[in-house]
Amino acid sequence: MAIAATISSAQFEESRHSSGQELVKKHVEPILKTENLWKPYRARKVEVPALRSVNFSVQPGESVAVMGPSGCGKSTLLYTIGGLASATRGTVLVDGNDLAAMSDAERTKLRRSKIGFVFQRFNLLPTMTARGNIAIAQYIHGDGFDPHRFDVVTKLLGLEGRLNHKPSEMSGGEQQRVAIARAIINEPKILLADEPTGNLDTKNSDIVLQMLRQLNKELGQTIVMITHNPEAVTYFDRVVHMRDGIIVDGIPAD
Amino acid sequence: MEGPDDLLVDDLAAEAKKIKVGDTFNLLNHDWRVAGIVEHGKGARLFVPILTLQDLGGAHDKASIFLLKCTRPEHTEDVMSQMQTLLPNYKIHPLKDYLSLMTSTNVPGLNVFVNAMIALAVCIGLLVIFLTMYTTVVERTRDIGVLKSLGANSPFIVRAILLESAALCLGGIAAGVGLSYLVRAGFLRAFPTLSILITPEWILRAGVIAMIGAVLGASYPAWMASRRDAVEALTFD
């Protein structure tokens, strides 16, 4: 069996034959790729580059943690690869779609079908119950309420008993689990998490991180997570460090 | 009524004027003895002998109006034309025309006043809805950012806000109609002889006007929300 040997291992997916004996490596396109990404932000009258020629790629099924000091551009990177903000230069390829070449409406459509967001402050709709917060993502997706998928996701995240509670009646950990359920209910290609454990205590942080790892390992969910927590990165396949708007390395977590 | 100064009063007028059988009641500068109370709906609130009334008005054996009742309503036009031939110097009107002269729509300037009040109410309602929805949109900026992060497009956000406004308006209409009936009941309790009509046509008209006002008032806040930058919305405090 021919094995390509000259291409970086990150661009290959390993799989076994049914015999389980031989390793086969085949070329896999990154699900997420940025090339020479620039994005400034305006601080009063001064324009400061938040992202400076960021090159970054994520393989399907990979979990990546992005670490770096405050203000280094992590969140800007997340919002840009999620299509919430547009880059001034460079390309962002999400599942082969170039966000830079898309209109706002097209980016919205892509986000609806391919990207799920989890935020540090949970960002649940306060007037809705957990059920409503999860179901609204299905309605926005356009296929209406899918009770089977809903049951699978809520069971996976252990939310069966909390579905009729509003965010104000739930703990931080529960709220974040609802937010994760909302993010994955439409089976997005990529889950983007912006410091999802930032507002949680250690116990709830571990629960949320374990659930993210479970999603990645058992369902093959691609995850990109921003974090300040050094312990959190142990749950991920790869850690990327950022500083002053650039990625300074990409090292294995272990 | 047995005597020339006897007076009959209907139950609503008796309640309003706090009078009972046997009381003396002054009307047209004349003291009348209340001889009885009749059920309302007899065409007048007070009944007195016509001869006494003619004497008081200095019009003994004279009449200013005659009411005729046709045995069959469909003969009214024929009866009127025959009477007009016989009595060419008299004005003859069907009762419905005569009554219409007494309705509010024939009060000079009342329609203009009513329309002005409607316009004022619509303007105030529009401003109130606008301010309410504007405040709602500002307060829920982060929620709008969340909806955008979930992939909600501009029409979805506009529709959501307009629907919320319409729902609020429906509640307002129901409350308004209910309140109108309550106020009407209160007025009728205080002034039993007053006649206040709340017709289905006017309820419908008020509802439609309110709904148009609500949708118009919420349009700009909805448009503003749909144009909001998602990242700014998500980081809004």
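Student: How many residues of chain B are in contact with chain A, and how many of chain A with chain B?

Tutor: This is a predicted model, where local features need pLDDT of at least 70, side-chain atom pairs count only at pLDDT 80 or more, and totals for chains, interfaces and linings use all residues. Residues are numbered from 1 along each chain as its sequence is written, chains are lettered from A and ligands numbered from 1 in the order written, and side-chain values use heavy atoms, with hydrogens and water left out. Contact means heavy atoms within 4.5 Å, and the residues in contact are 16 of chain B and 17 of chain A.

Student: What area is buried between chain B and chain A?

Tutor: The size of an interface is often given as the accessible area lost when the parts come together. Buried area here is that loss with a 1.4 Å probe, summed over both parts. Carbon and sulfur atoms give 63% of the area between chain B and chain A, and the total is about 1,600 Å².

Student: Which helix gives the largest share of the side of chain B that touches chain A?

Tutor: Helices (H or I, at least four residues) and strands (E, at least two) are DSSP runs, numbered from the N terminus. Helix 6 (141-149) and helix 9 (230-234) of chain B each supply at least two residues of that side. The largest share, 6 residues, comes from helix 6 of chain B.

Student: How many salt bridges are counted between chain B and chain A?

Tutor: A salt bridge is a side-chain nitrogen of Lys or Arg within 4 Å of a carboxyl oxygen of Asp or Glu. Over all chains the count comes to 14. Between chain B and chain A, though, the count is 0.

Student: Why are one side of strand 4 and one side of strand 7 of chain A left without a neighbour in the sheet?

Tutor: Two strands pair if DSSP finds at least two bridges between them, and an open, antiparallel sheet of chain A has the order 4-3-6-7. Strand 4 (46-58) and strand 7 (97-98) of chain A are left open on one side because they stand at the edges, each with a single partner strand.

Student: What is the bridge partner of A:Leu93 in strand 7 of chain A?

Tutor: Strand 6 (residues 89-94) and strand 7 of chain A are antiparallel and joined by 2 bridges. They form a hairpin with 2 residues between them, and A:Asp95 in the turn has a positive phi of about 50°. In strand 7 of chain A, A:Leu93 is partnered by A:Asp98.

Student: How many residues apart in sequence are the parts that A:Lys189 and A:Asp95 tie together?

Tutor: The side chains of A:Lys189 and A:Asp95 meet in a salt bridge (3.8 Å, N to O). A:Lys189 lies in the loop between helix 5 (172-184) and strand 9 (190-194) of chain A and A:Asp95 in the loop between strand 6 and strand 7 of chain A, so the separation of the parts is 94 residues.

Key:
Buried area = accessible area lost by both parts, 1.4 Å probe.
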